Amino acid sequence: MKAALSRLGIRGFNPKLKKAAERLKDLRTPEDQPIPPNTLAELRRDMERRRLVSDQIRQIEHARLERIEHAPSDRPHAMVRLLARVIGIGIETADMLVQEVLSRNMRTVGL
């Protein structure tokens with residue numbers, strides 16, 4: 001999105017803001033021209049895609065927190081809470097470490 005805006009000479013516009021899609025139609029190039037229709041449509045699609053991905057990430061994080069809240073005494077969830085508290089890493093990182101590394105049976109093969 002920023003590359004498309006820079007190509008037109010538009011600086012200082014933050015496409016990550018909530019009202020950015022609404023403000024697109026008012027943007028002007030340095031020559032005081034509106035954004036071309038194809039570029040405007042591309043930017044709107046990109047912003048919609050970014051919003052969709054952000055919503056999906058938010059839902060995943062919410063589901064993870066609910067799962068940890070509903071079974072706080074289960075071994076993996078207790079490990080997540082301990083890691084997040086002691087080491088100071090976030091819940092997301094602690095959950096990933098527990099699920100992918102610490103909950104596996106680590107045995108030495110070949111000895």
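Trainee: Is D55 buried, partly exposed or exposed, and at what relative accessibility?
Mentor: This is a predicted model, so side-chain atom pairs count only at pLDDT 80 or more. Buried means under 20% relative accessible area, and exposed means over 50%. D55 falls in between, so D55 counts as partly exposed, at 24%.

Trainee: Which residue forms a salt bridge with E48?
Mentor: Look in helix α3, residues 37-70. The closest N and O atoms are 2.4 Å apart, and the partner is R51.

Trainee: What is the N to O distance between D55 and R51?
Mentor: D55 and R51 are four residues apart in helix α3, so about one helical turn separates them. Their side chains meet in a salt bridge, N to O, at 2.6 Å.

Trainee: Which residue meets R58 in a salt bridge?
Mentor: R58 itself counts as exposed, at 52% relative accessibility. The N to O distance is 2.7 Å, and the partner is D55.

Trainee: Which residues do salt bridges that share partners join into one network?
Mentor: R51 bridges to E48. R51 also bridges to D55. D55 in turn meets R58. The network is E48, R51, D55 and R58.

Trainee: How many salt bridges does the structure hold?
Mentor: The E48 and R51 pair is one of them. The total is five.

Note on methods:
Residues are numbered from 1 along each chain as its sequence is written. This is a predicted model: local features need pLDDT of at least 70, side-chain atom pairs count only at pLDDT 80 or more; totals for chains, interfaces and linings use all residues. Side-chain values use heavy atoms; hydrogens and water are left out. A salt bridge is a side-chain nitrogen of Lys or Arg within 4 Å of a carboxyl oxygen of Asp or Glu. Helices (H or I, at least four residues) and strands (E, at least two) are DSSP runs, numbered from the N terminus. Buried means under 20% relative accessible area, exposed over 50%, partly exposed in between (1.4 Å probe, protein chains only).
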